[in-house]
Amino acid sequence: MTWLYFDWRTPEQGGRRSNWVRSWTVWRYFKDYFPIHLIKTWDLDPSHNYIFGFHPHGVLVAGAFGNFCTNYSDFEQLFPGFTAYLHVLPFWFRCPLFREYLMSSGPVSVSKKSVSHVLSKEGGGNISVIVLGGAEESLDAHPGKFTLFIRQRKGFVKIALTHGASLVPVFSFGENELFKQVNNPEGSWLRTVQERLQKIMGFALPLFHARGIFQYNFGLMPYRKPIHTVVGRPIPVHQTLHPTTEQIEELHHAYMEELKKLFEAHKRKYGIPEHETLIFK
């Protein structure tokens with residue numbers, strides 16, 4: 001408890017990553033299990049800071065963790081001179097011991113203070129990776145579905161404007177294919193319970209299943225489905241210390257359009273039918 005008292009703000013001040021933990025052999029097996037791929041479509045300037053909007057949340061967020069929290073992805077080769085910080089729910093940093101383990105891989109809090117700390121680095125070179133759909137989106141993480149909770153998520157746009165950080169849409173193809181969820185359409189009793197628990201606890205409880213360790217019929221092991229995390233074109237952002245509502249709305253709309261373009265440009269490469277499109281909620 002004494003350690004927690006003195007170390008409470010570390011997750012909001014860049015965390016405490018360990019190169020040793022990020023290099024554990026288990027993470028190489030984790031990456032190769034699916035496998036996980038990182039694809040760059042545009043060069044980024046290491047003298048600037050960026051916000052990567054990661055979509056979709058899925059159940060496990062495997063693409064975000066595998067690409068940005070281990071030393072076995074191609075991140076350092078594709079984006080030299082950058083340090084990526086995956087922002088996760090503050091709840092996970094309130095758990096003694098587990099918080100140390102989590103921070104050692106690189107994740108930090110998704111609070112406003114934490115994102116501001118990352119984007120305030122002088123000289124650039126920092127990337128805030130934010131899973132914008134959050135816990136709510138995980139309840140819609142069904143195979144073959146592309147529903148993103150983003151229409152009301154505008155805080156990341158405001159913070160991008162105040163820091164002058166460019167916005168980069170990132171879509172992780174295959175993220176929703178790793179698990180099957182119990183059917184929970186909006187309005188059903190199960191979805192109602194899940195949403196109420198999510199509001200109380202801050203994180204969602206999707207009822208999911210996949211395969212077992214030695215059989216493919218049932219279990220909690222994710223399916224071996226390839227994940228292709230595609231990093232899109234950056235949207236330049238002019239620093240505005242006190243952005244207006246109109247400026248936030250305009251940039252938010254531009255971001256959604258760029259995200260849609262990214263999805264449409266790459267969906268055929270990864271086996272998504274032509275008629276499928278993103279659904280924004």
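**Entry 1**

I looked up Arg191 and found a buried residue, with a relative accessible area of 2%. I call a residue buried under 20% relative accessible area, exposed over 50%, and partly exposed in between (1.4 Å probe, protein chains only). The model is predicted: local features need pLDDT of at least 70, side-chain atom pairs count only at pLDDT 80 or more, and totals for chains, interfaces and linings use all residues. Residues are numbered from 1 along each chain as its sequence is written, and side-chain values use heavy atoms, with hydrogens and water left out.

Which side chains meet Arg191 in salt bridges? I noted Glu186, at 3.9 Å from N to O. I also noted Glu195, at 3.3 Å from N to O. My rule for a salt bridge is a side-chain nitrogen of Lys or Arg within 4 Å of a carboxyl oxygen of Asp or Glu. Glu195 and Arg191 both sit in helix H10 (residues 189-201), 4 residues apart, about one turn of the helix. Helices (H or I, at least four residues) and strands (E, at least two) are DSSP runs, numbered from the N terminus. Glu195 is partly exposed, at 30% relative accessible area. Glu186 is partly exposed too, at 48%.

I then followed the shared partners. Salt bridges join Asp140, Lys145, Glu186, Arg191, Glu195 and Lys281 into one network. Within it, Lys281 and Asp140 meet at 3.7 Å, N to O. This pair links distant parts of the chain, 141 residues apart. Lys281 is in the segment after strand S11 (279-280), and Asp140 is in the loop between helix H8 (134-138) and strand S6 (147-148). Is Asp140 buried or exposed? Asp140 counts as buried, at 3% relative accessibility. Lys281 is partly exposed, with a relative accessible area of 34%. The count of salt bridges comes to 17.

**Entry 1: the sheet**

I traced an open sheet of 7 strands with mixed pairing, in the order S1-S10-S7-S2-S5-S3-S4. S1 and S4 are the edge strands, each pairing on one side only. I count two strands as paired if DSSP finds at least two bridges between them.

I stayed longest on S2. 6 of the 6 residues of S2 are buried, so the strand is largely enclosed by the rest of the structure. Tyr50, Phe52 and Phe54 point one way, while Ile51, Gly53 and His55 point the other way. S2 pairs in the parallel sense with strand S5 (residues 126-131) over 5 bridges. Tyr50 has Ile127 as its bridge partner there. S2 also pairs in the parallel sense with strand S7 (residues 166-173), over 6 bridges. On that side, Phe52 stands opposite Val168.

What lies across S2? I found helix H7 (residues 112-119) across S2, S3, S4 and S5, running at about 150° to S5. I also found helix H11 (residues 245-266) across S2, S7 and strand S10 (227-231), at about 35° to S7. The axes are lines fitted to C-alpha atoms, for helices over the stretch in contact (heavy atoms within 4.5 Å). Angles run from 0 to 180 degrees between N-to-C directions.

I checked Val108, in strand S4 (residues 108-109). Val108 counts as buried, at 0% relative accessibility. S3 and S4 run parallel and are joined by 2 bridges. His87 stands opposite Val108. The C-alpha atoms of Val108 and Gly15 are 5.5 Å apart, although the two residues are 93 residues apart along the chain. Leaving aside neighbours within four places in sequence, the contacts of Val108 include Pro11, Gly14, Tyr85, Phe93 and Ser114.

**Entry 2: backbone exceptions**

Most residues other than glycine have a negative phi, and most peptide bonds are trans. I listed some exceptions.

A cis peptide bond joins Phe34 and Pro35, with omega about -5°. Pro35 is in the loop between helix H3 (25-33) and strand S1 (36-40). Another cis peptide bond joins His55 and Pro56, with omega about -15°. Pro56 is in the loop between strand S2 (50-55) and helix H4 (62-68).

Val61 has a positive phi, near 55°. Val61 lies in the loop between S2 and H4, and is buried at 13% relative accessible area. Leu97 also has a positive phi, near 70°. Leu97 lies in the loop between strand S3 (83-88) and helix H6 (98-104). Leu97 counts as exposed, at 71% relative accessibility.
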